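I opened my notebook to look up a few features of one model. My entries follow in the order I made them.

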Amino acid sequence: MVLEADIKAQLNQYLELIENDIVLKVSTGSDDVSKEMLALVEELASMSSKISYEEAELERTPSFRVNRVGEDTGVTFAGIPLGHEFTSLVLALLQVSGRAPKVDQHVIDQVKNIQGDYHFESFISLSCHNCPDVVQALNMMSILNPRISHTMIDGAAYKEEVEAKNIMAVPTVHLNGEPFSSGRMTLEEILAQLGSAPDASEFEDKDPYDVLVVGGGPAGASAAIYAARKGIRTGIVAERFGGQVLDTMSIENFISVKQTEGPKLVASLEEHVKDYGIDVMNLQRASSLEKKDLFELELENGAVLKSKSVIISTGARWRNVNVPGEQELKNKGVAYCPHCDGPLFEGRDVAVIGGGNSGIEAAIDLAGIVKHVTVLEFLPELKADKVLQDRLNSLPNVTVLKNVQTKEITGTDNVNGITYVERDTEEEKHIELQGVFVQIGLVPNTEWLHDTVERTRIGEIVVDKKGSTNIPGLFAAGDCTDSPYNQIIISMGSGANASLGAFDYLIRN
Ligand SMILES: Cc1cc2nc3c(=O)[nH]c(=O)nc-3n(C[C@H](O)[C@H](O)[C@H](O)COP(=O)(O)OP(=O)(O)OC[C@H]3O[C@@H](n4cnc5c(N)ncnc54)[C@H](O)[C@@H]3O)c2cc1C
């Protein structure tokens, strides 16, 4: 039996929702993964009279394809979709059987209207929490459009292929054999990259807003909901709805919810926002803001949106270490998400740059997977909490270098080492290793505002108790402000606060 009892019980409930017959075409050999895959397929077939399976010759062995009777959907799993991919398996079974995917009709139409032949391959790891979204979006596209196909490839089952293709970050997606994307992507983002995103003309006739929120993380979502609940015209422009929460694995400090996962919380935020008829303009990046009679927000696609008040909640992003090699070797050994990319460095030597909480958590996490971790901290002491430092010090395969400055990440095709300077002796040293995880904090996404609004030396927008900036009618909330602490619950609170501030401004003006 491949499936554990509790998983099997869950699956049983889902399989009852299957609408039409499904055929699993399976290509297996004599290796262990093949045996496990065949056992899984047999078990699935034994659980539902609507599922059958047959042996087939597929491009990769081991792999299996989820088909309708007499119709190839192109949805293939090269690897065993358990772990984080279990949901991808369940959704593939249900959607291939005829159940409609839970996305807006206009998105479904967009996928169906894609012309051309597209074969996607997604390289994933079963421990990657960013991978299922990509796998599920590509599967959905394959199911909806017969000219699209998708194969999920588990890097652990296809080590040689992953190495040959030089894949050092998951999820990595190839389209028709060429690199297409790396990192988490939603269906809408994939569509935008394929060139089917809305252009400026779709924004031309929009009436001015009462409140226009820029940024769709927890701060922006909360600000928009508070505004819309006042019955005023509200819009959100977001480069990527969900913000940092999309990259967060486990959340245990969102008060009243004991434990959740980032993408799950983002789905709830989206549902809540949509409940209020807020105009959500996702995958749109703001490029400048000007105050005339009304505020005028220009988007990168050239469209200009007008509003009586604006709340900026553009959050923050990973800080780069800005040394030679970092940009050139991104996804070729330079990584930012230990939860996602750690498994690709199994048995190798890696460095973590940064000795704060996130750096030390990353080092502890990686030490369980990789051969050796070197932590590089610029200051003479680590800044992480003592409990984390104690845990780190108890690990046999970690070296901590304090008071060192990273000079260069070296390598041509892939990372092969890191060069640093000991700050007290000024001696330059080099370590050979294959991966570098950069964990040196965050930088606010506010460069696009230039001098429009007062910002601190490090770019945070200066706000008062009501979330007001130095420009009347312009408010800000969340990680992009000079608030001392960056947390989901704090961002949501400050979004609500700024929104009430904006409403107050509107009724007085
Ligand atoms: C790996 C990780 C783990 C974390 N874990 C936790 C945790 O367990 N608990 C906790 O409370 N906090 C956690 N945090 C912190 C928390 O996620 C942030 O404090 C919170 O998301 C900040 O919300 P925000 O809305 O201010 O910004 P963000 O979440 O950064 O959202 C910013 C939004 O603005 C958009 N945007 C940016 N620039 C533009 C532009 N020019 N135009 C349009 N839109 C733009 C982005 O696409 C996004 O939609 C974690 C953060 C990270 C990175």
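**Two prolines.** I began with proline 171, which lies in the loop between α6 (159-164) and β7 (172-175). I noted that helices (H or I, at least four residues) and strands (E, at least two) are DSSP runs, numbered from the N terminus. The peptide bond from valine 170 to proline 171 is cis, and omega is near -10°. I then looked up proline 62, in the loop between β2 (51-55) and β3 (63-68). A cis peptide bond joins it to threonine 61, with omega about 5°.

**What I am reading.** This is a predicted model, where local features need pLDDT of at least 70, side-chain atom pairs count only at pLDDT 80 or more, and totals for chains, interfaces and linings use all residues. Residues are numbered from 1 along each chain as its sequence is written, and side-chain values use heavy atoms, with hydrogens and water left out.

**Domains.** I looked up the domain assignment, whose bounds come from an automatic or database assignment. It gives domain 1 (5-193), domain 2 (204-317 + 442-508) and domain 3 (334-438). The C-alpha centres of domain 2 and domain 3 lie 34 Å apart.

**Two helices.** How do α8 and α13 cross, left-handed or right-handed? I found that α8 passes α13 in a right-handed crossing. Right-handed means that the near helix is turned clockwise from the far one by less than a right angle. The contact (heavy atoms within 4.5 Å) includes Pro218, Ala219 and Tyr226 of α8 and Ile488, Met492 and Leu500 of α13. Its residues divide into nine nonpolar, four polar and no charged. Here Ala, Val, Leu, Ile, Met, Phe, Trp, Tyr, Cys and Pro count as nonpolar, Asp, Glu, Lys and Arg as charged, and the others, Gly among them, as polar.

**The ligand.** How many residues surround the ligand? I noted 33, with a heavy atom within 4 Å as the cut-off. The closest are Arg240, Gln244, Asn253, Ala286 and Asp479. A polar side-chain atom of glutamine 244 lies 2.8 Å from a ligand oxygen atom. An N or O atom in the side chain of asparagine 253 is 2.8 Å from a ligand nitrogen atom. Alanine 286 uses a backbone N or O atom, 2.8 Å from a nitrogen atom of the ligand.

**Asparagine 403 and glutamate 422.** Asparagine 403 lies in the loop between β21 (398-401) and β22 (404-411). Its phi is near 60°, a positive value in a residue other than glycine. Glutamate 422 is in strand β23 (residues 415-422). It touches Asn403, Val404, Glu427 and Lys429, not counting residues up to four places away in sequence.

Notes: Polar contact = N/O pair within 3.5 Å; in protein donor to acceptor, adjacent residues only side chain to side chain.
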